[in-house]
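Work through the exercises below with the model open. Each task is followed by a solution in steps.

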Amino acid sequence: MSRLLRLAHAITWSALRRRGRGHAVLGMFYAVRRGRQTGVFQTWNECRVQVDRFPAARFKKFATEEEAWAFVRNSGSPDGAEGQKNEPVQQSPVKSNKRLHECLKKAEDESAEPCAKLVKQNTDSVPVIDKSAFSYMGDFVVVYTDGCCSSNGRKRARAGIGVYWGPGHPLNVGIRLPGRQTNQRAEIHAACKAIEQAKAQNIRKLVLYTDSMFTINGITNWVKGWKENGWKTSTGKEVINKEDFVRLEKLTQDMDIQWMHVPGHSGFVGNEEADRLAREGAKQSED
C-alpha cells in the first residue's frame with residue numbers, strides 16, 4: 001500500500017473514530033497475514049482474491065483498521081506490540097449461506113432440528129443432501145475436521161475423528177479411529193472422512209478447516225518429497241504415517257481442496273464442534 005493511500009486511510013480512520021467513539025462506523029477491514037499479497041483490504045472480494053486456493057491462508061475481519069494492521073504485523077495486541085513467533089493465528093469464520101445462518105441461531109443444543117434436507121437415498125444408503133444445506137466460501141463447500149486421542153502415545157490410548165458440516169447436519173460424524181491410536185492419525189483420518197463424504201455428495205470443491213498444521217504441511221508440502229525419497233524423511237527414516245498420507249493423497253487427487261488452518265480451542269464454532277464429535281468418537285468401542 002502506497003504511503004499516500006495509507007495516509008488517506010489514517011485520515012479516514014481519525015474521522016470515523018471521532019464519530020464512532022473508537023469504532024469504525026462504516027464497513028469492515030479484512031486483514032491478510034498470509035496470502036498472495038498481505039495487507040488490509042476494505043472489501044471481502046479484495047481479500048478473497050488473496051486467500052482463495054492459497055494453502056493455509058491466514059486472514060481475519062476487523063472493525064477497525066488499527067486492529068487489522070496489528071494482525072498483519074503479527075502483533076499480539078492492537079497497540080502494535082510484537083507477538084510471539086508461534087502465536088496462534090485466528091481466521092475469520094466463513095459466512096454460512098442464508099439457510100445455515102438462520103439455523104445457527106436455533107442450534108443452541110443437540111435437540112435442534114436438522115437444517116439439511118434429505119433429497120433421496122442412493123443404493124449405498126448414503127443420504128444425498130440438498131446443496132443449499134451446506135456452507136460455502138464462493139463455490140467451495142466448507143467443512144471442519146478434528147482428531148483427538150486421550151492418553152496419546154500410551155498403551156490405553158483412545159482416538160476419535162470428528163467432521164462438522166453445520167448445525168444439525170446429517171453428515172456430522174464422530175467415530176472411533178480404527179487401527180493405531182494416535183492424535184496425528186486421527187487428524188489425518190478426519191480429513192479423509194470429510195473428503196469421502198464430499199465425494200459421496202458429488203462435491204469436488206472443498207474448503208477444509210483443521211487445527212492440524214501437521215496434516216496441512218504433510219499433504220501440501222511433505223508428501224511430494226517423501227515420495228521422491230522412497231517414503232523416507234530427510235534424515236533417512238521411514239515415514240511413520242506413510243499409509244495414512246497415501247490414503248489422504250489418493251482421496252485428494254480428483255478434488256480441489258483449500259487447506260485452511262484454524263487455531264484449536266479459540267472459540268471457532270466449527271472447530272469446537274468437530275472437536276466435540278471427535279471426543280465422542282473416541283469413547284466408542286473399536287469395530
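**Exercise 1. Chain overview**

Task: Find what share of the contacts in the protein chain with a separation of 6 or more comes from residues 24 or more positions apart.

Solution. The model is predicted. Take the contacts with a separation of 6 or more; residues 24 or more positions apart account for 64% of them. Next, count the secondary structure: the protein chain has eight helices and eleven strands. Last, look at burial. The chain has 287 residues, and 45% of them count as buried.

**Exercise 2. Helices α5 and α7**

Task: Describe how helix α5 and helix α7 cross, and state which residues make the contact.

Solution. 
- Step 1: locate the helices. Helix α5 covers residues 183–200, and helix α7 covers residues 242–252.
- Step 2: take the distance and the angle. The axes come within 10 Å and cross at roughly 25 degrees.
- Step 3: classify. Angles under 35 degrees count as roughly parallel, so α5 is roughly parallel to α7.
- Step 4: assign the hand. The crossing of α5 and α7 is left-handed.
- Step 5: list the contact. On α5 the residues are Arg-185, Ile-188, His-189, Ala-191, Cys-192, Ile-195, Glu-196 and Lys-199. From α7 come Asp-244, Phe-245, Arg-247, Leu-248, Lys-250, Leu-251 and Thr-252.
- Step 6: sort by class. The contact of α5 with α7 has seven nonpolar, two polar and six charged residues.

**Exercise 3. Helices α6 and α7**

Task: Are the axes of α6 and α7 roughly parallel or roughly perpendicular?

Solution. 
- Step 1: helix α6 spans residues 213–228. Its axis and that of α7 come within 11 Å.
- Step 2: the crossing angle is roughly 95 degrees. The range 65 to 115 counts as roughly perpendicular, so α6 and α7 are roughly perpendicular to each other.
- Step 3: α6 contributes Phe-214, Thr-215, Gly-218, Ile-219, Val-223, Trp-226 and Lys-227 to the contact. α7 contributes Phe-245, Leu-248, Glu-249 and Thr-252.
- Step 4: by class, the contact of α6 with α7 has six nonpolar, three polar and two charged residues.

**Exercise 4. Cysteines**

Task: Count the disulfides, then examine Cys-148.

Solution. A disulfide needs two cysteine sulfur atoms within 2.5 Å. By this rule the count is zero disulfides. For Cys-148, the closest cysteine sulfur is in Cys-149, at 7.2 Å, which is too far for a bond. Now check burial, where the cut-off is under 20% relative accessible area. Cys-148 has 12% relative accessibility, so Cys-148 counts as buried. Cys-47 is also buried, with a relative accessible area of 0%.

**Exercise 5. Gln-42**

Task: Locate Gln-42 and relate Gln-42 to Glu-65 in sequence and in space.

Solution. Gln-42 lies in the loop between β2 (39–41) and α2 (44–51). Gln-42 is partly exposed, at 44% relative accessible area. Gln-42 and Glu-65 are 23 residues apart in sequence. In space, C-alpha to C-alpha, Gln-42 and Glu-65 are 9.1 Å apart.

Technical notes:
Residues are numbered from 1 along each chain as its sequence is written. This is a predicted model: local features need pLDDT of at least 70, side-chain atom pairs count only at pLDDT 80 or more; totals for chains, interfaces and linings use all residues. Side-chain values use heavy atoms; hydrogens and water are left out. Axes are lines fitted to C-alpha atoms, for helices over the stretch in contact, and angles run from 0 to 180 degrees between N-to-C directions. Helices (H or I, at least four residues) and strands (E, at least two) are DSSP runs, numbered from the N terminus. Angles under 35 degrees count as roughly parallel, over 145 as roughly antiparallel, 65 to 115 as roughly perpendicular and the rest as oblique. A crossing is left-handed if the near helix is turned anticlockwise from the far one by less than a right angle, and right-handed if clockwise. Contact means heavy atoms within 4.5 Å. Ala, Val, Leu, Ile, Met, Phe, Trp, Tyr, Cys and Pro count as nonpolar, Asp, Glu, Lys and Arg as charged, and the others, Gly among them, as polar. Buried means under 20% relative accessible area, exposed over 50%, partly exposed in between (1.4 Å probe, protein chains only).
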